[in-house]
Amino acid sequence: MKKNVTFKNGGYKAVLILSLALAGLSTQAQEKTATIAKQAPTTMGQIGDGTAATQGSVRVIDNKGTIKYLQVKNGITQITNTTADKGIVTTWQLGGTLTDDTYIDATGKVFGLDGIKLVDPAAPGMAASADATDKSKHGTGTGLTLLVRNEATGETMKMKFADLVNGGQTLQTATAAADVTFTDATLPANVQKVWVYRNGAKLVAGVDYTLTGTTVKVNKAGGTDPDDYAFVDGDKIEIQWVK
């Protein structure tokens, strides 16, 4: 009699354990068809079922057995092709429209692009662009622009060649009794980017003229500065600069 009681208790324990296991499995069951359909394509062609895939999607099963459809976005384009045997081949490629701000951290690594074409300046359309516009797409403009980086945001932007190098030129007429002084806010405080000529002959910086901040000064003869220069009435002083 005691033996039968032991057997019944063991049977109850087994039933209880089995019931708990089944309850655990039910909480991890696959999603219902209605739920999956919200993520699935309109027509999901399957191998051999004769239907056509009108939209691409990658169906996956997670570690709990739940069926899900993998979405693509942020510059990754999904292309689904229906093969001859009605199977579906899905590939991903870069392209499309970014949906979020995207950054690639290349710290400690080399980030480069091989196979970049070398510009032939003599080829048609390879001159500096004069018609580039904001946020234009390829095929809407002509010529070349420069890719630059905004250090504040890290954003890659484009710039016209004409905007990269700014400069200017002025022609002053000298008299024998006066200095020639010219000031311009765009003048760089760097003699390597400023050139001064008298009647077409280049003058020597620090000897024939001085550059102080954004002011060029060519002194008349008889002064105390080391850059004194003997003018004749009507001398043409040309100043050129880039910045």
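Biologist: What share of the 243 residues in the protein chain is buried?
Modeller: Heads up, this is a predicted model: local features need pLDDT of at least 70, side-chain atom pairs count only at pLDDT 80 or more, and totals for chains, interfaces and linings use all residues. Numbering runs from 1 along each chain as its sequence is written, and side-chain values use heavy atoms, with hydrogens and water left out. A residue counts as buried under 20% relative accessible area, exposed over 50%, and partly exposed in between (1.4 Å probe, protein chains only). Out of the 243 residues in the protein chain, the buried share is 15%.

Biologist: How many helices and strands does the protein chain have?
Modeller: Both are DSSP runs numbered from the N terminus: helices are H or I with at least four residues, strands are E with at least two. Going by that, the chain has three helices and 14 strands.

Biologist: Zooming in on β10, which residue is the bridge partner of Y197?
Modeller: Strand β9 (residues 194-198) pairs with β10 in the antiparallel sense, over two bridges. The partner of Y197 in β10 is K202.

Biologist: And which phi does N199 have?
Modeller: N199 belongs to the loop between β9 and β10. N199 is partly exposed because its relative accessibility is 46%. Although N199 is not a glycine, its phi is positive, at about 50°.

Biologist: Over to β12: which residue there stands opposite T181?
Modeller: Strand β8 (residues 180-183) and strand β12 (residues 215-220) run antiparallel and are joined by four bridges. In β12, the residue opposite T181 is K217.

Biologist: Which residue in the turn between β11 and β12 has a positive phi?
Modeller: Strand β11 (residues 210-212) is joined to β12 by three bridges, again antiparallel, and L211 stands opposite V216 in β12. The two strands form a hairpin with two residues between them. The turn residue with a positive phi, about 65°, is G213.

Biologist: Why does T214 count as partly exposed?
Modeller: T214 lies in the loop between β11 and β12. Leaving out residues up to four places away in sequence, T214 touches F182, T183, D184, A185 and L187, where a contact means heavy atoms within 4.5 Å. T214 and F182 are 32 residues apart in sequence, yet 8.4 Å apart from C-alpha to C-alpha. T214 counts as partly exposed because its relative accessibility is 30%.

Biologist: Is K135 buried or exposed?
Modeller: K135 is in the loop between β4 (88-94) and β5, and has a positive phi of about 60° although it is not a glycine. With a relative accessible area of 73%, K135 is exposed.

Biologist: How far apart are the C-alpha atoms of N190 and W241?
Modeller: N190 sits in the loop between β8 and β9 and is partly exposed, at 28% relative accessible area. Along the chain, N190 and W241 are 51 residues apart. Their C-alpha atoms are separated by 9.6 Å.

Biologist: Which strand gives the most to the lining of the largest pocket?
Modeller: The largest pocket has a volume of about 1500 Å³. It is lined by 22 residues, and L98, T102, E155, T156 and M157 are the closest to its centre. β5 (146-149) and β6 (156-159) each supply at least two lining residues. The biggest giver, with three residues, is β6.

Key:
Pairing = 2+ DSSP bridges. 1 Å grid on protein atoms, 1.4 Å probe; cavity = no way out; pocket = protein on both sides within 12 Å on 5 of 7 lines; lining within 4 Å. Points joined across faces, edges and corners; volume = space filled by probe spheres on them.
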